[in-house]
Amino acid sequence: MDFISHDEKTIAEMLKIINVSEIDDLFQDIPKDLIIKSLNISDGMSEPDVLNKMREYGKKNKIYPHSFLGAGCYYHYIPSLVDFVISRSEFYTSYTPYQAEASQGYLQAIYEYQSIISRLTEMEIANASMYDGSTSLAEAAIMASIITGKNQVILLEGVHPEYIEVVKTYCWGQNIELKITSENKLNDVLNEDIAAVMFQSPNFFGDITDGLVMSNKVKEKYPNCLLIQCMTDPTCLGLLKPPGKTNIDIFVAEGQSFGIDPSFGGPGLGIFTAKKKFLRKIPGRLVGKTKEINGDRDGFLLTLQAREQHIRREKASSNICTNQALCSLSALIYLVSLGKTGLREIATQNFQKAHYVKNAIALIPGYEILNKKPTYNEFIVRCPNINGLIRECKKMNLLPPLQVSTYYPEMSDVVLVCVTELNSSSSIEKFIKAAKLAINNEEERAD
Amino acid sequence: MDYEFPDNLKYTKTHEWLRIEDNTATVGITDFAQRQLGDIVYIELPEKGAILEKQSSVGEIESVKAVGELLMPLSGKIIEVNSNLVDNPELVNSSPYGPGWILKLEYTNELEINDLFSVEDYKRIAEEEN
């Protein structure tokens, strides 16, 4: 069905009913100084002139051809097949494509996405996806609280600091007490009133934790305590032990690395999986496969909807009533076109290139690798001259690694380096050179 | 309105029925309730041994289009649950008073039985809600 917009007459009628004189009045709550009065482009320009003007503005952006920045959003190879498939207007423009009678194509795609995520993670069930990794983690905390009937959740340091903020917000809204602690102090804080322990691996600083060791440690004393793991770059699943083999109860991840351009920091993709026994408590959409009534063909449809808020209302564990359809399709096409061997190759390159850089940096006097656990494609380094490093990177057209002081001011000379399969050997050599040059810059060292 | 409401049972206004024998009660949901819910696909049963107050939530009955809460009709201890309902939840639709029974409890306060409805009173409630 085509989209039919409102006409002036209808708009006037609606405004009259709600006693508002013009549409702009509905935006009264936005502070006046934030409202754009006019766009910086003259009226009545021709299309080519407008395009030229926009290109001029665009040139003001500094686009780095090579990146050493990660921290939750990653530059990865995206097979052209992804764009080719998702650009079909049936996929690109459809809105909430969940009606069985109108959207069999999308419903099948979502079903296949669920299946492939379940296989990759070896978790028993996967939902149709959530908005992003951070909200998936927050919803997992709420789900754990509902399952166990307890309202305290432990979160281990090392979870992405922005994820921690999101989880805090959700917990505050749901009256769940969030206890943030380090892995060393976990045993001091753990007790029978805890609904779940949440951790990230590989974590914000790059450290990998064995999920099985973690779950044994927690469940030995408190078998009813749930384990929740989150992950920001799931390409590592091409190499690492899948969460399904670690007794983790709920596994969530940011799926942006699966075929979604980093763009301006979004959109993301919330991968959400759990053990089958929690099927009736997981949030989000679930697509199922069934047979038609008057024949033998397979059909796809939303199922187990009695979990959702439009039926369960205030007893629902979540108010989400959508999924990231286009992004989940991107992830599906990404994983299908790479296949098992392709994903393993990508993961291997991430691991090997990052370790090459890690080892090379460690050899430069003054630099100290701070990770004590194994890492995947990210690691943290203490720098003798952090400002120098950032400057030399920019000079060589390399997007510099994250300055960790952005989130942890006390770590003022630490960077979080990310190396993916996209980092060429020449960009890697430049980065190592930048690191060496940074030491020699005396003025900046005085900072 | 052609619902079945056996007269040897007691009822609650939240559509549970009780068959009281000695100091125990067998509990289920009425024909009216099962019809309103539609095809039942899942029942969340309480733990055997659980001790609960009257009116507290003791389980959930899920159909394709709705979720109904099961409330304790009397304070007491759960002594048995109908595990057949795990694989065959549709029994609640087909025989709500027979094989579709949900749980058995041992009540602790005899006086609460006076608050239950007779079949006549319940028929009126069902008619009003219809």
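Biologist: In what order do the elements of chain B run from the N terminus on?

Modeller: They go β-β-β-α-β-β-β-β-β-α-α-β-α. That gives chain B four helices and nine strands. Keep in mind that this is a predicted model.

Biologist: How compact is chain B for a protein of its length?

Modeller: The idea is to set the radius of gyration beside what the globule rule gives. Chain B has a radius of gyration of 14 Å, close to the 14 Å that the rule gives for 130 residues, so chain B is as compact as a globular protein of that length. Its C-alpha atoms fill a box of roughly 35 × 35 × 20 Å along the principal axes. Buried residues make up 35% of the 130.

Biologist: Now chain A. How do helices α6 and α7 of chain A pack?

Modeller: Look at the angle and at the spacing of the axes. Helix α6(A), residues 133-148, and helix α7(A), residues 161-173, pack at about 40 degrees, with axes 8 Å apart. The crossing is right-handed.

Biologist: Which residues meet there?

Modeller: Among them, Leu137(A), Ala138(A) and Ile142(A) in α6(A), and Val166(A), Val167(A) and Tyr170(A) in α7(A). By class, the contact has nine nonpolar, three polar and one charged residues.

Biologist: And is Gly388(A) buried or exposed?

Modeller: Count the neighbours: 20 or more other C-beta atoms within 10 Å means buried. Gly388(A) has 22, so it is buried. Gly388(A) sits in helix α12 of chain A, residues 386-395. Ala434(A) is 46 residues away in sequence, yet 8.4 Å away in space, C-alpha to C-alpha.

Terms used. Residues numbered from 1 in each chain as written. Chains lettered and ligands numbered in written order. Predicted model: local features only at pLDDT ≥ 70, side-chain atom pairs only at ≥ 80, totals over all residues. Helix = DSSP H or I, 4+ residues; strand = E, 2+ residues; numbered from the N terminus. Buried ≥ 20, exposed ≤ 12 C-beta atoms within 10 Å, placed from the backbone. Axes fitted to C-alpha atoms, helices over the stretch in contact; angles between N-to-C directions. Left-handed = near helix turned anticlockwise from the far one by under 90°. Contact = placed C-beta atoms within 7 Å. Nonpolar A, V, L, I, M, F, W, Y, C, P; charged D, E, K, R; others polar. Rg over C-alpha atoms; globule rule 2.2 N^0.38 Å.
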